[in-house]
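Please look first at the sequence and then at the fold, and keep both at hand while you read the paragraphs that follow.

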Amino acid sequence: MAKDVYSGPLERIDDTSWRIPKTYRAGMRVDGIVYADDVLIESIRTDQALEQVANVAFLPGIQVASLAMPDIHWGYGFCIGGVCATDPNDGGVISPGGVGYDINCGVRLMRSDLFAADVMPRQQKLVDTLFANVPAGTGQGGKYHFDAAKLNRLMAEGVSFLARRGLAVEDDLAHTEAGGCLAEAEPGRVSPRALARGRDQCGTLGSGNHFLEVQVVDAIFDEPAARAMGLEIDMVCVMIHSGSRGLGYQVCDDALRSLRDAPAKYGIDLPDRQLACAPIDSREGRDYIGAMGAAANFAWCNRQLLMWQARECFEKVFGRSWSALGMRLVYDVAHNIAKFEQHAVGSQTKRLWVHRKGATRAFPPGHAETPPAYREIGQPVIIPGDMGRASWVLVGQPGSMQHTFGSACHGAGRVMSRTAAIKHAQGRRIDVELAERGVVARARSMKGLAEEQPAAYKDVDLVVEVVHRAGLAKKVARMRPIGVIKG
C-alpha cells in the first residue's frame, strides 16, 4: 500500500474526535472514529493510516466502529493505534494484523524509594551497569534458557511459572495485566521454528523502539492516584518496553501464511490482503488464538525477567536489595493483543474479541478486571514517549468503556519512518544531543539511536492531552528520562 496523503472524508465530531463515515466505501460495515485534535490530525493525514481505519471497518462481526487512537500511524493491515471489537455470535473474525508481529509488546513501570538526588551522582554508572547486564539488540540471547518442556509450561502458565522459580513475587503477578497469563494460550499450536527462536530470548530487550529507561517523576496531576501507585515528585522509576521477541514474530508470520486463503474459503471480501482473518470458531481462528495467547504469556515473562535483571543492577550499584530499595512494580500493560472481554453494545452486553494494536487497555474505577489495589482509581495506563522528552502514567476512565471498548493510546506514535529518521540524523550524534538534555543513552548501534531520536515521534504530551480531554484516561504523573538503554 502506498503511503500517500489521505484524501477521503473526515467529519469532525467534537474537539477530540473525527469520523470516517461508512458511506465512504461500499463494504464498510461501521464508521471509522479517530481521536485527535487539530494539530495531530494534520500529521495523521500524511500517510495511509486513515485508509487502514476504513479498511478495518470491512471485517465481519465488527462492532460499533473501527477505532484509532491519537498516536495512530501506518502499520501492517491495521494502523498502529487501532482498536477493533468483533462478536463471535455475529460472524466475528480474528485478524493477526489487528495484533501485530510483536505479540503483547507492552510496557511496565517500576517505582523505587530512590530520588533524583540519590541517583544523579551515580547516573552514568547505573546506566552502564544496566547496559552491561540487560541483553539488548537484534537476535540477542540472554542468560535464561528454557528447554522445550519448560518453554511450553512458561507459555501456558505465564508469570506464575517464573514465580515458582524465584524469579517473580506475588506482588508482581498482582500488578500485571491479566495476572501475566492468557487462559486461551495453547503452546501446542506454536510452531517448532517459533519455539527455537524463543529458546534463549526470554529476558532480552530486543531492538527497534524497545527500551529500558531510568526516569524521574517531574509532575503529578492527580495526588490520590499517584499515592495509590506509590509515586512522588523526584522519585526514580524504571520503565521497560519490550514484547515477545522472535517467538512472537514467528507466530504472527506463521498465522499470516496459514490464513492467506482463509478469507476466500469463508466468503470474506477484504480491501487489503494484509487483513487476512478467519472466523473465531474456525480451525484457523482457533489455531491463531491459541498460539497468540502463548506468545502473549512469553512476552509477560520476558518483561518480568527484564525487570528482575534491572532490580539486580540497582542492587549492584546501590548496595541494597531491590526490596529494600522499594522497587515495586506499579503495573504492566499489553499494547499489541486480542482479548476476550465483556462490553456494552447498545442495550446489550456482549463478549467480544477486542483487537488492540498499539493501544492500551484503560479500564475505569470499579471494573472487575482492574486490580484490587487500583479498583478505586482505575487501571494504570502507561504511555511511553520518546527518550528525550517524557512518558506518562494515566488511569482509565468511564469514557473508555462508553466509546473505545476500554482502550486508550499506547505511546507518542511515529511521525518519521526509520529510513527518514536515519537521513534526518546524518552528521549528528544523537547520544551527544541526549546528553545535553541530561539523558545518558547506551545503544548497540548509532543507527538504532538515529531511528529512535525524539524528532521521529509526535509530542507525547499532545497525544496524552487528547486522551485526557476525551475522557478515556486521566493524567496522573509525568516522568522525564535520565538514562536509556536500547538495542
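In helix α2, the residues A49, L50, E51, Q52, V53, A54, N55 and V56 are buried, where buried means under 20% relative accessible area, exposed over 50% and partly exposed in between, for a 1.4 Å probe and protein chains only. Because eight of the eight residues of α2 (residues 49-56) are buried, this helix is largely enclosed by the rest of the structure. The elements that cover its buried residues include the strands β2 (17-20), β3 (31-35), β4 (65-73) and β5 (80-86) as well as helix α1 (38-44), with contact meaning heavy atoms within 4.5 Å. Helices (H or I, at least four residues) and strands (E, at least two) are DSSP runs, numbered from the N terminus.

This is a predicted model, in which local features need pLDDT of at least 70 and side-chain atom pairs count only at pLDDT 80 or more, while totals for chains, interfaces and linings use all residues. Residues are numbered from 1 along each chain as its sequence is written, and side-chain values use heavy atoms, with hydrogens and water left out.

Strand β19 (residues 473-486) is mostly covered as well, since twelve of its 14 residues are buried. Which strands pair with β19? Two strands pair if DSSP finds at least two bridges between them. Strand β8 (residues 211-220) runs antiparallel to β19 and is joined to it by nine bridges, and V214 has G483 as its bridge partner in β19. Strand β16 (residues 391-396) also pairs with β19 in the antiparallel sense, over six bridges, with A477 of β19 as the partner of V393. Strand β18 (residues 440-443), by contrast, runs parallel to β19 and is joined to it by four bridges, and R442 is partnered there by I485.
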